[in-house]
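Subject: A structure for you to look at

Hi,

Here is the structure I promised to pass on.

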Amino acid sequence: ELYSDDEPIFEAFGVELDISRALGRRVWLKSGGYIVIDQTEAMTVIDVNTGKFVGKEDLEDTILKTNLEAVKEIAYQIRLRNLGGIIIVDFIDMEKMENREKVFNAFVEAMKKDKAKNTILHISELGLIQMTRKRVRESLGRVLCESCPYCEGKGFVKSPRTLCYEIFRKVAKMAGHGGDKIIVTAHPTVAELLSDDERSGLEEIESSYGVKVIVKEDSKLHQENYELVQL
C-alpha cells in the first residue's frame, strides 16, 4: 500500500537506524557491551567485548550475560549485513564449560532464523565459534559502500610523525648527492610538524650536509604524499 505519512518511510520503520548500525564497525549492546565486526577478503571476524558493562555479580556472570546478549545481535547482524563465507565469532573467554555450552546452544538457536544455509562448529576452548554461511550475493557493506579513496581500503594512514622521519631519511640521502637547497612540499599537517616540533631534525641535516631545507605546504596533497626538489 502507498505510504503517505509525513515522516520519511525509512525513519518511520527504523530502516535508517538499521542501515547506520549495519555499516558501522562497532555495534553497542543494551547492557553497555559491544561487538566489533571486521570484514576481510578471506573471512569476517566478530569480536565481543564487555565495554561499560561490569555487572552486579561475579566476573563470570557478567561475561556470560554479555555473551548471551551478543548472540542475538550477532545473529541479527549476520542476516542484516548478509555476511557470507567463513565467519569467526570471538566470544569473551568463559571458564565454566556449562557457560560455553549455553552460549553455543543460544547461538545455534538464534541462527535457525537464518534462511541462508550455514554450518556452525562447536565452540572452542578459547571461546571461538567458527561457521560458514552460504554467500548468495554481495554483503550490504559491499553494496552500499566503496573503498576509501584516502586510505585505499587499508583503514589507516601513516601518522604525520612517521612521515616526518621518512622525509628526514630521503632529504639526507638527497643532500648527500650535492646541491645547495632542498624544497619539501607536504600536506599542511606534516609541513607544520616539520616546521615546529620536528624542526631540529631538519636543522641537523642542514648542519651536517651544508644545505638549506625549505618546507612548503600544499593542502591538495594526500597526507602520505610529499614532494622533494633539489636545487
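Helices H6 (residues 160-175) and H7 (residues 188-195) pack at an angle of about 65°, and their axes are 9 Å apart. Because of that angle, H6 is roughly perpendicular to H7; the word covers 65 to 115 degrees, while under 35 is roughly parallel, over 145 roughly antiparallel and the rest oblique. An axis here is a line fitted to C-alpha atoms, for helices over the stretch in contact, and angles run from 0 to 180 degrees between N-to-C directions. Helices (H or I, at least four residues) and strands (E, at least two) are DSSP runs numbered from the N terminus.

Before going further, please keep in mind that this is a predicted model: local features need pLDDT of at least 70, side-chain atom pairs count only at pLDDT 80 or more, and totals for chains, interfaces and linings use all residues. Residues are numbered from 1 along each chain as its sequence is written, and side-chain values use heavy atoms, with hydrogens and water left out.

Which residues bring H6 and H7 together? From H6 come Pro160, Arg161, Leu163, Cys164, Ile167 and Phe168, and they meet Thr189, Val190, Leu193 and Leu194 of H7; contact means heavy atoms within 4.5 Å. This contact has 8 nonpolar residues, 1 polar and 1 charged. (Nonpolar covers Ala, Val, Leu, Ile, Met, Phe, Trp, Tyr, Cys and Pro, charged covers Asp, Glu, Lys and Arg, and the others, Gly among them, are polar.)

Arginine 161 sits in helix H6 and touches Leu193, Asp197 and Glu198, leaving out residues up to four places away in sequence. Arginine 161 and leucine 193 are 32 residues apart in sequence, with 7.3 Å between their C-alpha atoms. Arginine 161 counts as partly exposed because its relative accessible area is 36%; buried is under 20%, exposed over 50% and partly exposed in between (1.4 Å probe, protein chains only).

Now for another pair of helices. H2 (residues 15-23) and H3 (residues 59-81) pack at about 95°, with their axes 10 Å apart, so H2 is roughly perpendicular to H3. On the H2 side are Asp18, Arg21, Ala22 and Leu23, which meet Glu73, Tyr76, Gln77, Leu80 and Arg81 in H3.

What about the inside? The largest nonpolar core has 28 residues, and Ile46, Ile74, Ile78, Phe91 and Phe107 have the most contacts inside it. A nonpolar core is a set of buried Ala, Val, Leu, Ile, Met, Phe, Trp, Tyr and Cys residues joined through side-chain atoms within 4.5 Å. H3 gives the most to this core, with 7 residues. Apart from this core lies another, of 19 residues, including Leu163, Val171, Ala172 and Ile205. In soluble globular proteins, nonpolar side chains tend to be buried together.

Is serine 139 buried or exposed? Serine 139 is buried, because its relative accessible area is 2%. Its place is in the loop between S6 and helix H5 (140-144), and it touches Gln39, Arg81, Asn82 and Leu83, not counting residues up to four places away in sequence.

Glutamate 206, in helix H8 (residues 199-209), also counts as buried, at 15% relative accessibility.

Best wishes
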